[in-house]
Amino acid sequence: MTTSHPDRAFYDTVMVPNYNPAGVIPVRGEGSRVWDQQGREYLDLAGGIAVTALGHAHPRLVAALTGQAGRLWHVANVFATEPAMTLAGRLTELTFADRVFFANSGAEANEAALKLARRYAYDRGETARTEIIAFEQGFHGRTLFTVTAGGQPKYTEGFGPLPGDIRHVPYNDIAALEAAVSSRTCAVLVEPVQGEGGVTPADAEFLAAARRVCDEHGALLIFDEVQTGVGRTGDLYAYMGYGVEPDILTTAKALGNGIPISAMLTREAVAQVFQPGTHGSTYGGNPLACAVAAEVIDIVSQPDVLAGVRERGERLRAGLERINAAHGCFAEIRGRGLLVGAQLVPEWAGRARDILRAALDEGVLTLIAGPDVVRLAPSLIIPEAEVDEALVRLERAVARVAGA
Ligand code: PLP
């Protein structure tokens, strides 16, 4: 039976069971607040997994979307469109990159990056240079190539045969990286902050070493900024804060604030490998998504917005420290800007999901990154009073879990 207000039980009858969503169904959002079918209000510290960087229903984004919706939705890449060119122009002005390829998800942007790296070596006659170095605990998406590049074996289990010549080394381990990269390496793929893997920032020396070994061995350096990009860390892209430039960068999530879009950015010489016919996507560069993303980039790239991310990040971390002082639950509070992870102490091991559930009951949306890390990725412009209010609710949730 279908109704205009299906309930959560209906979900279990019609959806492939690869997700296990919460019991409540959000129906409306405004800024950093969300309401469910029963009209109950929640403060959003999850941001749809680091996506809604400007909150829900931001007036400028609604105007960009509805304005474009009344003009042109889709013509495919047999035509150039104004929104795609405008967005590509902004991204190349604001970053290291000379060229942009658009896709629809983080995984697709990474898929394009990995294919580009392989093809770059091939086109230069280096047909043996096929190895990709990635990192343990890394996450790059769920296509077969990207899930294999990810560093958590549980996500590839049962999906073989997997794409070959991908090797994983420990994250933040310079010696292991130096030992792994060789003249057979076509690319090193790394997240500047591992998001899904536990909110683990790279050491600055580690990213600098990655740049150096790639240069020494003629490999391309790919930064997966799907989660860290578009202001999340307090810089427009995290590489800017680290002062290390990649050859290829992937960006998605916050780029469309919830409208599916991703991009792969690269330098001129590398971009030239993707000549007509080599790679593509029906929806990539879709005018609706590009119109929204251009507005997102205009807003987030403002220096006061980026400074606000750093201030709010401090405020959030200070609040988590206070919760920790009262309950002794966190071993470490880490991250950059508004990508924050709180690692549970061993006595609380495996209870991140309990905290997430209790937080939902208390009216605050949170994330986890594995069983032992509570992860927060709110809107970059969440009002400070709402940060404080969300922390009060979160403390109540932690107290409940402590008492359980
Ligand atoms: N790369 C990183 C660093 C991510 O965090 C994610 C998603 O969490 C992805 C890639 C995959 O993005 P998508 O789910 O849009 O394919």
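User: Quick one before we look at this thing: what is buried area?
Analyst: Buried area is the accessible area, taken with a 1.4 Å probe, that two parts lose on being put together, summed over both.

User: Okay, and what sort of model is this?
Analyst: It's a predicted model.

User: How is the chain split into domains?
Analyst: The domain assignment gives domain 1, made of 8-58 + 303-402, and domain 2, which covers 72-301.

User: How far apart are the C-alpha centres of domain 1 and domain 2?
Analyst: Those two centres sit 27 Å from each other.

User: And how many residues of each domain are in contact?
Analyst: On the domain 1 side 28 residues are in contact, and they meet 26 residues of domain 2.

User: Back to buried area, then. How much do domain 1 and domain 2 bury between them?
Analyst: About 2,300 Å², with 59% of it on carbon and sulfur atoms. For domain 1, L306, R336 and L339 together supply 29% of the area it buries against domain 2, and that is more than any other three residues give.

User: How many salt bridges does the rule find across the interface?
Analyst: The rule finds 1 salt bridge between domain 1 and domain 2. As for E196 and R375, their side chains meet in a salt bridge, at 2.8 Å from N to O.

User: How many residue pairs are in polar contact between the domains?
Analyst: The count there is 11 residue pairs, with both residues at pLDDT 80 or more.

User: Which elements give two or more residues to the side of domain 1 that touches domain 2?
Analyst: Those are α2 (47-50), α12 (303-327), β13 (330-336), β14 (339-344) and β17 (373-376). The largest share comes from α12, with 5 residues. By type, that side of domain 1 divides into 17 nonpolar, 7 polar and 4 charged residues.

User: Switching topic: which residues come nearest to the ligand?
Analyst: There are 13 residues around the ligand, and G106, A107, D224, Q227 and K253 come nearest.

User: What does A107 put by the ligand?
Analyst: A backbone N or O atom of A107 lies 2.8 Å from a ligand oxygen atom. F139 also has a backbone N or O atom there, 3.4 Å from a nitrogen atom of the ligand. With D224 it's a polar side-chain atom, 2.7 Å from a nitrogen atom of the ligand.

User: Now the backbone. Where is the cis peptide bond?
Analyst: The cis bond joins G160 and P161, with omega about 0 degrees. P161 is in the loop between α6 (144-149) and β6 (166-169). D165 lies in the loop between α6 and β6 too, and D165 has a positive phi of about 65 degrees although it isn't a glycine.

User: What about R33, which strand is that in?
Analyst: R33 lies in strand β2, residues 33-36. Its side chain makes a polar contact of 2.3 Å with the side chain of E41. Leaving out residues up to four places away in sequence, R33 touches R28, E41, Y42, L43, H56, E386, E389 and R393.

Terms used. Residues numbered from 1 in each chain as written. Predicted model: local features only at pLDDT ≥ 70, side-chain atom pairs only at ≥ 80, totals over all residues. Heavy atoms only, no water. Domains from an automatic or database assignment. Contact = heavy atoms within 4.5 Å. Salt bridge = Lys/Arg side-chain N within 4 Å of Asp/Glu carboxyl O. Polar contact = N/O pair within 3.5 Å; in protein donor to acceptor, adjacent residues only side chain to side chain. Helix = DSSP H or I, 4+ residues; strand = E, 2+ residues; numbered from the N terminus. Nonpolar A, V, L, I, M, F, W, Y, C, P; charged D, E, K, R; others polar. Near = heavy atom within 4 Å.
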